[in-house]
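Reader: Could you walk me through this one before I set anything up?
Author: Gladly, here it is.
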Amino acid sequence: MEFYAEDGKNLSLDNSTLVLPALSIGNVGQLAVDLLVASLKAERIGYLDDPNVVPCVGNDTYWPSPPGELALPLEVYESSPDALALVQQRSPIVKGMMVEFARNLANFAAANGKKHVVVLSSLEFGRWQSIDMSSGLQIHYLSSSKSDGTDDHCEKLGWKRLPEYNPTQRMWKHLDDLAKNAASEVEELPFEELGDEDYYASLPYAALFSCFKAKGLKVTCLLCYCSEGDNIPDAFHLADAVSKTLGLRPNSSQGNEGGSWTVPLSWKSVYGPPPDMSLF
């Protein structure tokens, strides 16, 4: 993985917290990073190039008067007042290369002074075992702070540790081995033997969690259950969780469209124009 800085810009070692998405259902993690970049007015400082990411190119994403700059698969932003760096991922990982990508990204983060990595992702609503909507949408988390995945700060905020995390389960142990050793040195798990208990550890956030942890970085995964569809409300909810976790504008972030969040320009075309009401 190579970093290419824009002209006159460089990574700052002072921005020790890194926020990035892990691709999953509804692209909620990516949408939440969109909100953070736009609302913090984070500055794009460069790009990451990795052979494991599918190439893509698009128009400028965030600003009302696009300057004609291209959006690429892996973009790096910084918000220095918040001591924060963000990576936005716009295309998927090549099949079978997720752990290699996660290992490369962990090496990049460690080499550039990152101390805390926050991974944003979503989980399939149909797999939620203990549904409790009495307090509205919920945030689940997974942290490297303790061996059982718990974190005191997240607990105080009301987040629930992902109950399916079990560091002694074979798939999680396999991920840890892959994160610490070359793939050729780790025995593969037979695909035909994988079951439901292996599902959560097979998702992209799990590979990122294991590889960042293996580099000695603090990792916090913030996760929400959702279904495919209009996932914008889920993105506001996840972005608000990041704000509370990191202390970003805690007095103004309301986690809804009527709050202080800045909606990116590109969202205007996410689900097309509203229906013609004369049809009804």
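Reader: Let's begin with serine 144: which residues does it touch, leaving out those up to four places away in sequence?
Author: With that exclusion, serine 144 touches Phe209, Lys213, Leu217, Lys218 and Val219. Please keep in mind throughout that this is a predicted model.

Reader: And where in the chain is serine 144 found?
Author: Serine 144 is found in the loop between strand 7, residues 140-143, and helix 3, residues 152-156.

Reader: Buried or exposed, that serine 144?
Author: Serine 144 counts as buried, because its relative accessibility is 18% and the cut-off for buried is under 20%.

Reader: What does the side chain of serine 144 reach?
Author: The side chain of serine 144 reaches the backbone nitrogen of valine 219 at 2.8 Å, and Val219 is also one of the residues that serine 144 touches.

Reader: Which backbone oxygen lies 2.5 Å from a polar atom of the side chain of serine 122?
Author: That is the backbone oxygen of isoleucine 25. Not counting residues up to four places away in sequence, serine 122 touches Ser24, Ile25, Val28, Cys224 and Cys226.

Reader: Stepping back, how many helices and strands are there in the protein chain?
Author: The protein chain has 6 helices and 9 strands. It is made up of 280 residues, of which 49% count as buried, and if you take the contacts with a separation of 6 or more, 75% of them are between residues 24 or more positions apart.

Reader: OK, helix packing. At what angle do helix 2 and helix 5 pack?
Author: Helix 2, residues 98-111, and helix 5, residues 204-214, pack at an angle of about 40°, and their axes are 8 Å apart. The two helices are therefore oblique to each other, and helix 2 passes helix 5 in a right-handed crossing.

Reader: Which residues meet there?
Author: From helix 2 the residues are Met98, Val99, Phe101, Ala102, Arg103, Leu105, Ala106 and Ala109, and from helix 5 they are Pro204, Ala207, Leu208, Cys211 and Phe212. By class, the contact of helix 2 with helix 5 divides into 12 nonpolar residues, no polar ones and 1 charged.

Reader: What about helix 4 against helix 5, how far apart are the axes?
Author: The axes of helix 4 and helix 5 are 9 Å apart, and the angle between the two is about 50°. That makes helix 4 oblique to helix 5, and the crossing of helix 4 past helix 5 is right-handed.

Reader: And which residues meet in that pair?
Author: Trp172, Leu175, Asp176, Ala179 and Lys180 in helix 4 meet Tyr205, Ala206, Ala207, Phe209, Ser210, Cys211, Lys213 and Ala214 in helix 5. The contact of helix 4 with helix 5 has 9 nonpolar, 1 polar and 3 charged residues.

Reader: Staying with helix 4, which of its residues are buried?
Author: In helix 4, residues 170-180, the buried ones are Met171, Trp172, His174, Leu175, Asp176, Leu178 and Ala179, and these buried residues pack against helix 2, strand 7 and helix 5. At the start of helix 4, a side-chain oxygen of glutamine 169 reaches to within 2.9 Å of the backbone nitrogen of methionine 171.

Reader: How far apart in space are alanine 179 and alanine 214?
Author: They are 6.1 Å apart, C-alpha to C-alpha, while being 35 residues apart in sequence. Alanine 179 is buried, with a relative accessible area of 12%, and leaving aside neighbours within four places in sequence, alanine 179 is in contact with Arg103, Ser210, Cys211 and Ala214.

Reader: Last topic, backbone angles. What is the phi of lysine 41?
Author: Lysine 41 has a positive phi of about 50° although it is not a glycine. Most residues other than glycine have a negative phi. Lysine 41 sits in the loop between helix 1, residues 28-40, and strand 3, residues 43-49, and is exposed, at a relative accessible area of 63%.

Reader: And alanine 83, what phi does that have?
Author: Alanine 83, not a glycine, has a positive phi of about 50°. Its place is in the loop between strand 4, residues 74-79, and strand 5, residues 84-89, where alanine 83 is partly exposed, with a relative accessible area of 28%.

Notes. Residues numbered from 1 in each chain as written. Predicted model: local features only at pLDDT ≥ 70, side-chain atom pairs only at ≥ 80, totals over all residues. Heavy atoms only, no water. Axes fitted to C-alpha atoms, helices over the stretch in contact; angles between N-to-C directions. Helix = DSSP H or I, 4+ residues; strand = E, 2+ residues; numbered from the N terminus. Parallel < 35°, antiparallel > 145°, perpendicular 65-115°, else oblique. Left-handed = near helix turned anticlockwise from the far one by under 90°. Contact = heavy atoms within 4.5 Å. Nonpolar A, V, L, I, M, F, W, Y, C, P; charged D, E, K, R; others polar. Buried < 20%, exposed > 50% of the residue type's maximum accessible area, 1.4 Å probe, protein only. Polar contact = N/O pair within 3.5 Å; in protein donor to acceptor, adjacent residues only side chain to side chain.
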